[in-house]
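Here are my notes for you to read alongside the picture. Take them one point at a time, and keep the viewer open as you go.

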Amino acid sequence: MKKALVMSPMDNVATALEDIASGEQVEARLGNKVETLEAREDIPFGFKIALTDISKGESLVKYGEAIGKASQPIKKGFLVHIHNVEGARGRGDIAKGGRIP
Amino acid sequence: MTFLGYERPDGSYGARNYVLVIPSSIIADEICHFVAGTRTIVTPMDATSGRSKSDRETIARVYVGLGLNPNVASVLLTPGGGAGGAQYPETAIEKLASEIERSGKRVEVLDIGKGDTMEIIGRGVKLAREMVHEASKLRRKPCPENHLCVGVKCGNSDPTSGIAGNPVVGYVYDKLVEAGGTALFGENTEIIGAEHILARRAVNNTVAQEILKVALETEERAKSIGQDVRTINPVPANIRAGITTLEEKSLGAIYKAGTKSIQGVLDYAERPEGRGLYFMDNWAWTFSIFIGYAAAGAQIVLYQLGGGGLEEDAVFYQTGSTVAPLIWCSANPRTQVLGGWNLDFYSGTVIEGKETVEEVGERLYATILDVASGTMTRTETLNHIDPNEVYTRDPVF
């Protein structure tokens, strides 16, 4: 059983506390509350795993706060990072009238 | 609790006992090469040339603030670029000298007199040696911890920073503020996405609005260049270590500020009027942020390092603080292995489940008092002093 940490009850991601390989069982802990899920792909130490299915445009929540929006649907157990999340702040690319790349 | 400090005429207590040689120039640098116990700020020789009034005031604030820093026993002002004749009024040597003299410290202005640069350096070396010798007669004595002022930067952040490293610093900041000390945090880009949380902790609505304004203005500057800020900050090392967006980085970063109310927003290198927790509107860069904290009065600075994106340990040789000792901390087990002896403090036992944030925080607090009392930080064992860049904001002409 691999370990991951949840920072707030509202979070939909957990942070891997060790390298997790695809197919391994993960124990995502918030205080005394533990949720078990299966990693559907490799989650390196410090990276985030989705705790639920997240639809495109939905906010990713860590520390109980929005850290960005899903740029594509993310299934439970998958890696959450720049390939499927975009920031909502400091988007000069959008402010200039451009589209999200 | 107490630490052993050097009492200054203005009632402050230093953790070190340096003779500061400013402004930066070949003359200041060479004096410091020759004379033990001296420090200088290493910037380009003529740091003010072609800069706006506002930026020249910032540079002057750094020079004066470093002179006023409790870790400085006395100050030797030397001719810099353009000196000996025409100077901008904001950084004129006589003006800098009179502002530092108000602290009651010994302040000397090196007479340019006759002779070439080497002869001026020679006179400066003689004077600096005498000043260092005089400063060495002072003895440390116990002083209350409420005289301490600490500044922090979290850098090379990774997910261990938000989970453990910054919360440990936050515990220390709460303890220091409760004891009546002063705690400085900052990094105007790295509050974007978390500014609403900080604003709720402001001591009053004015300060809350100032915090929100810093975040908004920084974000507007970022947007004005027409790029996604994520291509700039989080920096590649953050992303490689698992931080996905600027918001995520910011939300982890603010843990270092603990939980106390924020007493005010300081401009870069501005001294706080009171004690307690303050936010400084500064740039996160190592070679800029620490001199800003030291100029605001910090005797000790902390570098809370993630390090998950590091490939080797070279980063530990950065000293970046001029007069305030730099304590390197990290909560990343891998960084501890990479850094080895170079790392001053390891807080990763929180992640390993061996210690609580409170237990590690107590150890870090004790480490800070130790360093304030004279124990060297690992980088202090090097003669190396990094070049510094004052955080200026206007275009140059």
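1. Which strands of chain B does helix 2 (residues 53–68) lie across? Helix 2 of chain B lies across strand 3 and strand 5 (72–77) of chain B, running at about 165° to strand 3 of chain B. Helices (H or I, at least four residues) and strands (E, at least two) are DSSP runs, numbered from the N terminus. Axes are lines fitted to C-alpha atoms, for helices over the stretch in contact, and angles run from 0 to 180 degrees between N-to-C directions.

2. Some ground rules before going on. This is a predicted model, in which local features need pLDDT of at least 70 and side-chain atom pairs count only at pLDDT 80 or more, while totals for chains, interfaces and linings use all residues. Residues are numbered from 1 along each chain as its sequence is written, and chains are lettered from A and ligands numbered from 1 in the order in which they are written.

3. Next, confidence. The model scores ipTM 0.95 and pTM 0.95. Chain B averages a pLDDT of 93, and 97% of its residues score at least 70; pLDDT is the predictor's confidence in each residue, from 0 to 100.

4. Four strands of chain B form an open sheet in the order 4-3-5-6, with parallel pairing; two strands pair if DSSP finds at least two bridges between them. Strand 4 (38–40) and strand 6 (106–109) of chain B stand at the edges with a single partner strand each, so one side of each is left without a neighbour in the sheet. From one strand to the next, the twist averages 25°.

5. Strand 3 (residues 18–22) and strand 4 of chain B are joined in the parallel sense over three bridges, and Val21(B) stands opposite Thr40(B) in strand 4 of chain B. Helix 1 (residues 26–34) of chain B packs on the sheet, touching strand 3 and strand 4 of chain B, and its direction makes about 150° with that of strand 4 of chain B.

6. Strand 1 (residues 2–7) of chain B has antiparallel partners. Four bridges join strand 1 to strand 7 (residues 141–144) of chain B, where Pro142(B) is the bridge partner of Leu4(B). Strand 1 also forms a hairpin with strand 2 of chain B, with five residues between them, and Gly11(B) in the turn has a positive phi of about 90°.

7. Is Lys256(B) buried or exposed? Lys256(B) is buried, with 27 other C-beta atoms within 10 Å. (A residue is buried if 20 or more other C-beta atoms lie within 10 Å of its own, exposed if 12 or fewer, and partly exposed in between; C-beta atoms are placed from the backbone.) Lys256(B) sits in the loop between helix 9 (246–253) and strand 10 (262–267) of chain B.

8. Now the partner chain. Chain A has one helix and nine strands, and buried residues make up 42% of its 101 residues.

9. Finally, where the chains meet: 29 residues of chain B are in contact with 26 residues of chain A. Two residues are in contact if their C-beta atoms, placed from the backbone, lie within 7 Å. Helix 9 of chain B gives the most to the side of chain B that touches chain A, with five residues.
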